[in-house]
2 protein chains.
Amino acid sequence: MSRPQSSRYWRFDTRPESLVNAQTFSLQERAVAAPEEGELLVRNLLISMDATNRLWLGEREELYMEPIALGDCMKAFSLCQVVESRSRLYQPGQLVTALGEWADYSILDATQVQPFAAPDGLALDMAFGIMAIAGPTAYHGLLNIGQPRPGETVVVTAASGAVGCLAGQIAKLSGCRVVGTAGSDAKCQWLTETLGFDAAVNYKLDDFEAQLAQACPNGIDVQFENVGGAVLDSCLKLMNNNGRVVICGLISMYNSAENVPGPYMFHNSIMKRLKIEGFVILDHAADFPRMQSYLAQWLRDGQLKFRLNCQQGLEKAPEALRSLYTGDNDGKVMVQIAEPA
Amino acid sequence: MSRPQSSRYWRFDTRPESLVNAQTFSLQERAVAAPEEGELLVRNLLISMDATNRLWLGEREELYMEPIALGDCMKAFSLCQVVESRSRLYQPGQLVTALGEWADYSILDATQVQPFAAPDGLALDMAFGIMAIAGPTAYHGLLNIGQPRPGETVVVTAASGAVGCLAGQIAKLSGCRVVGTAGSDAKCQWLTETLGFDAAVNYKLDDFEAQLAQACPNGIDVQFENVGGAVLDSCLKLMNNNGRVVICGLISMYNSAENVPGPYMFHNSIMKRLKIEGFVILDHAADFPRMQSYLAQWLRDGQLKFRLNCQQGLEKAPEALRSLYTGDNDGKVMVQIAEPA
């Protein structure tokens, strides 16, 4: 691989008021510079679409990382191949994961990337989809924070999403009763029939709350929350004493410029003696190898099912991100920009 | 002491829609029965007024204990003296604490009371006010849940209340910067000048949020929450990464029959990686002796200041409870019904 002269990239042009739209990004060209000391020039192969990406486009004072500046290239969790290295840590041709860019080529700080290899027998896109971000997020949130015990009831919201479906399956492996919520009957069916969830409830149903209660006859011990808003409130009503509420995501509020009310059942923090804990998976990168070794083992044993929704071509990125919010996504959404050389 | 024929008691007549009022309770007479096997007849000496008492009068489905039924006697954390014992655990004349009643005399289950003795040199009312409930609540919430480290900033809301003032002083003993919020300048002055808080802010000021931010130049590491609502939201804005939010009380919502919105800054659970944890001190009775031994030591060393607001006579109970919600309370509110025999 030699350094190309220019690279396409998605420039962040306009802050969206709610959903990402046609004005949010534009596809531009830029020159490809030589990496400086300590840097890598990488080719972006796969970029992951994650609900949290939407937050990076906002103007909230409080954000767990630097937001994307207007005029800058959009970022994503990425699988990249090193083209040129000015670091002794990496060689050309090597695969790495990083907080990369919506671009053909990027310059990255070598200390900010991690080496990546697919476990034996697993295709690269599937390995990246599970192991890079979604798997560690599900593992850390469910096991390290939620700490489910066998026989307890775990509810996972947005359970057909990439993180949710893994969290639910890991909860099943932990011996729990697992109930998922999702936005269509087809998604619910996939959760119970293919993934082995004990029950799944469509949150769009009028009697969602009653159906959820029926699916959780012993209440909820661990809530793995990806949604927030009314769905979270319905779950909080069912929490058992000393329940744990893992705040992995609050997707229902990510498209809102204004702050929205917190859960109306917040007082259950006292009534039910709840622990409510949020996390950002990027904080736990040092623990990724350990978590990934468990994920790889479960994959080898055929104990984790997963589906990819891989769009082809960098030009698909904005549409792919948007699909996370419209529910038109089955499986882990990502965009393939190039094949490894 | 011999068994009297009858006892006055406050009967719960009408559920209050907001504040406790003249229709909520009525003072009645009832016959005093002989205790049955395993029971004690006690004389109630001191009854504690606690914000949480108001919750016991509501109709919420979710409550951490059985609510008071209409027609029943109102309950309170109480200091009692045993008059007759049908249990080998207690002798007549002995002092006990219990979830007792707004009444001259009560029958209690002997397994549900704890022996009580004032530490050397401490008056009985002061000892009861600090050691029975407020002290363990402050200790458990701040140290066991909040886990403050020296140099961290701790904010205590309703800091001039019985629990808040102790939590703040224990935080000072832990080497923290301590900021309190209270509802008057006089209360704030007491916090800083008498109790040694580093700063105190009147939450009724128009620029409360700005003043709070100024009082917390390094942000907030531990939030000891007694209030909820807008005050909690102002604090959540200032939380540091990995902050701990101890939900001890949510007094701002206790007078509301409807569920109120949770914090608008709930998303900071993710952004700032917060642990939000509620508790009910009654769950931790087994740990009271240990916590009380620390409190007694600090009291002997002159390191805890406290003030009592002790109303005289059972007839004062409803008014005393109401005062917790109107801010007309300086110090720990309790009612003295009788002197020990």
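Two residues are taken to be in contact if their C-beta atoms, placed from the backbone, lie within 7 Å. By this criterion, in the predicted model, the contact between the chains draws 29 residues from chain A and 29 residues from chain B. On the side of chain A that touches chain B, α6 (268-271) and β13 (275-278) each contribute at least two residues. By class, the residues on this side of chain A comprise 17 nonpolar, six polar and six charged.

Strand pairing also links the two chains. β13(A) pairs with strand β13 of chain B, residues 275-278, in the antiparallel sense, and three bridges connect them. Within this pairing, A:I276 is placed opposite B:I276 of β13(B).

The relation between the copies was examined by superposition. Two copies of a chain are related by a rotation about an axis and a shift along it. Here, chain A is superposed on chain B by a rotation of 180° with 0.0 Å of shift along the axis, at an RMSD of 0.0 Å. The two copies are therefore related as by a two-fold rotation axis. The C-alpha of chain A nearest this axis belongs to A:G262, at 2.0 Å from it. The same surface serves both copies, as 100% of the contact residues of chain A recur in chain B.

In chain B, the packing of two helices was considered. Two packed helices are described by the angle between their axes and the distance between the axes. The axes of helix α1 (residues 124-146) and helix α7 (residues 288-300) of chain B come within 9 Å and cross at roughly 100°. Because angles of 65 to 115 degrees count as roughly perpendicular, α1(B) and α7(B) are assigned to that class. From α1(B), the contact is made by B:I130, B:M131, B:G135, B:P136, B:Y139 and B:H140, and from α7(B) by B:F288, B:M291, B:Q292, B:Y294, B:L295 and B:L299. The contact of α1(B) with α7(B) contains nine nonpolar and three polar residues, with no charged residues.

Technical notes: Residues are numbered from 1 along each chain as its sequence is written. Chains are lettered from A and ligands numbered from 1 in the order in which they are written. This is a predicted model: local features need pLDDT of at least 70, side-chain atom pairs count only at pLDDT 80 or more; totals for chains, interfaces and linings use all residues. Helices (H or I, at least four residues) and strands (E, at least two) are DSSP runs, numbered from the N terminus. Ala, Val, Leu, Ile, Met, Phe, Trp, Tyr, Cys and Pro count as nonpolar, Asp, Glu, Lys and Arg as charged, and the others, Gly among them, as polar. Two strands pair if DSSP finds at least two bridges between them. Axes are lines fitted to C-alpha atoms, for helices over the stretch in contact, and angles run from 0 to 180 degrees between N-to-C directions. Angles under 35 degrees count as roughly parallel, over 145 as roughly antiparallel, 65 to 115 as roughly perpendicular and the rest as oblique. Copies are superposed by least squares on the C-alpha atoms of residues with pLDDT of at least 70 in both.
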